[in-house]
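Q: I would like to learn how to read a model such as this one, feature by feature. Could we look at it together?

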Amino acid sequence: MAKSNISFNKFYKLFNLFSILLVFISILLLLFKGLNYGVDFKGGTLIELRSTDKQITISKLRESLLNMDIGDVSVKQFGNKDDYLIKFEKKSKNANFISEIKNDLSKYLGSGFNFRRVEDVGPKVSAELLKSGIIAIGLSLAAMLFYIWIRFEWQFSLGAIFALLHDVLITLGVFSMFNLEINLSIIAAILTIVGYSMNDTVVIFDRVRENLRKFSDIKIFELTNISINETLSRTIITSITTLLALMSIYFFGGEVLKGFSLAMILGVIFGTYSSIYIANPILVFFKVSQKTILKDDKD
Amino acid sequence: MLYFSKTRIFLISLFTILFTILAISNFTKFEDNIINKKINLGLDLQGGSYLLLEIDNKPVILQKLQITATQIKKYFRNNKIFFKNFSIIDDQSISFEVNSIDNEKIKNLFEDKNNIINPYYSQYRAHQLELDISENNFRLNFSKYGLIEIKNSSLNQALEIVRRRIDEVGTNEPNVLKRGNDRILVELPGLDDPMRVKKLLGKTANLSFRFLTNDSEITFGTERLLFEDGSGDSLVSKRIILSGDNLLDAQPKMDNQTNETIVSFTLDRVGAKRFGKATSRGIGKRLGIILDGKIISAPVVRDAILGGNGQISGNFTFQSATDFALLLRSGALPAPLNIIEERSVGPDLGQDSINSGVFALIIGFFLVIIFMFFKYRIFGLIGNISLILNLLLLVGILTLFEATLTLPGIAGIILTVGMAVDANVLIFERIKEETETEKNQIIAFDNGYQKSKTAVLDANITTLIAAIILFFMGSGPIKGFSITLGIGIFTTLFSVFFIARLLTALYVIKNKNKEKLI
């Protein structure tokens, strides 16, 4: 790849406005529309059902479930056309209500189906899972902030954190907008996004720091642009290989990993973008210069 | 950075070969394998059930409180201390009033480290009960540590009973573990319908033998209990003749005369004696066999039963008799258990997940490999070799620790493939830059490695931080993801800084006179 010389810095302001807008919309969506929590975080019961009988249709399934006294039921096709996902909230006191549902269903539909997966999460556990998920994300952001602060300077640390928050908020915003389900694996995906976005930011920051040492006369506005360009081919190649891996999970990894890989794909795209257009403008904003890094630069 | 000593090359090769063999040993089918280690499949891949049980400690706490209350009253009577308004409030504290002369004495009694009524835990530096005194009114509550002690002891008891019950069901390698101080985690590989286990764990299994009475009104010593089969109720004496503690064995059997399924039981010596005495006195009465507050059956006593053997009939099917006997053998739980989380995966879904996971891994792997080869040619090849070895190392380490592989864990491996090339890309791109100003290829390559080191390390450490946090906060499948992601970082660093660098060094030194290598 020939050495690139793209004026990324010309568009700092434009893309910052764009990002602010996206983050703002995401926050509005999160506040007013909220997230579509799965059984992990909301509690309730999930049944993945596979039918071997062509007579069983989604409407028949829904009808038979509504005849049972289990409250609000949602039935959805899940990947394969013979697979259905049944979700309901009502928590029966009876420990064996799942086998009761199975019995009742076979009364209506015959025996041409089986339960492939059952998840039943009580309200106490789901509240705990949600809490530990939020703590995990908060903790990882704090740990990153701290790590970058030690390895670089506080201005870099702030730049990286804003980029991370940007990625996490927009990813959650997309999930809210399209009503995609948030479950435990999405939390894992978000934490990995945090790691990936950080990874990307660090590589550019590392170059910014090196260039700051090398050139004392170039303003940070120009310097960030040079650094972005110097690392650009790496940024693109790594994004491509990571996306190739993620796409193969998304398309071939089965239904269970779809949400997880989608969150990661979004995260990689926004993570790459934010390392350039969020992290760097913040260095410009704080007027980082050679003096900033020379204070305790002895290593 | 391009110089490798002979010993170093040897160590790198040895390490790589060792873990490659470990990795491959997963796929061999020889029984007499020297390396007898294999990666465990998580419940989501092999199918199975995961149950999280919570102990309802309220009855245990209340019972403990009642025992303490009886002890206190007995002490007061023995020592002629006057007390009034003695009561248990809200099932959680004891309250009473004493005369002001005894006030100090009683306070000292409860605060004495050697008293038996209010034990002192030296490891916590606290008593079981906390004292709250206003004038002559005493109020006793369980202290924080008192509650912890009670919960721990009931958890340990429950764990033992749960283990026994599950072992008796005979499922494949069950896992029964403590979680916190009032929860038990049960993992049952291969069992996709945990109905029977849930039924067995849902019963406290408090067994007692008590006589039914013919009174028509409830009196002080009787209570009204329902029959298990729904055929009405009866008054039962509160006096317990025998409890499940005296049971040595219980087995389902076929009664030859009636062709009915029964449960026969054997009592221990003390139990047999007591049982013999009670039955010889109570000929003609109905003896109730009561489990968890319900009458299973109430046969009329015809003869004294002296040998310590008896049988229970109660409209059993063979299955229910087997389970009933199992519950009697394994003993009573100290408190009821509630199932607060349940996840089951059928074996066919597990197999599907493995298939699609592995398929995605192969596709992702080839896409990345082809991309790298076209981008970097000979160095792409080197990168690819180090990527393949990276995967083998990762699987090898997972095998060495007999780690559990979950579906998100497979996703973690695929992600490692995608991100592992990053380090090589960073280095190769840097080398390209260096060759623009440095004509000596060896120096240029050396500089490239040297200067990209910090970026590679920093980039990987940040991902490692995320993986570590996931490991400690996540559970089950997510933990599996964090393990593969975390180990993947170490194998990536190894394969990049040792394997790929060694291969690069060998190639560059051989071709140092060529104009442009990369």
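A: Let us begin with a helix on a sheet: helix 8 (residues 318–330) of chain B lies across strand 15, strand 16 and strand 19 of chain B, and runs at about 175 degrees to strand 15 of chain B. Helices (H or I, at least four residues) and strands (E, at least two) are DSSP runs, numbered from the N terminus; axes are lines fitted to C-alpha atoms, for helices over the stretch in contact, and angles run from 0 to 180 degrees between N-to-C directions. Two residues are in contact if their C-beta atoms, placed from the backbone, lie within 7 Å. This is a predicted model, in which local features need pLDDT of at least 70 and side-chain atom pairs count only at pLDDT 80 or more, while totals for chains, interfaces and linings use all residues. Residues are numbered from 1 along each chain as its sequence is written, and chains are lettered from A and ligands numbered from 1 in the order in which they are written.

Q: In what order do the three strands of the open sheet in chain B stand?
A: Strands of a sheet pair through backbone hydrogen bonds, either parallel or antiparallel. Here the order is 15-16-19 in chain B, with antiparallel pairing, where two strands pair if DSSP finds at least two bridges between them. Strand 15 (247–254) and strand 19 (309–316) of chain B are at the edges with a single partner strand each, so one side of each has no neighbour in the sheet. From one strand to the next the twist averages 25 degrees. Strand 15 of chain B is joined to strand 16 (residues 261–267) of chain B by seven bridges, and Asp249(B) has Thr266(B) as its bridge partner.

Q: Which strands pair between chain A and chain B?
A: Strand 5 of chain A pairs with strand 20 (residues 337–345) of chain B in the antiparallel sense, over five bridges, and Val121(A) stands opposite Glu341(B).

Q: At what angle do helix 1 and helix 13 of chain B pack?
A: Helix 1 (residues 6–24) and helix 13 (residues 477–510) of chain B pack at about 120 degrees, with their axes 11 Å apart. These two helices of chain B are therefore oblique to each other, since angles under 35 degrees count as roughly parallel, over 145 as roughly antiparallel, 65 to 115 as roughly perpendicular and the rest as oblique. Ile9(B), Ile12(B) and Thr16(B) in helix 1 meet Phe498(B), Ile499(B) and Leu502(B) in helix 13.
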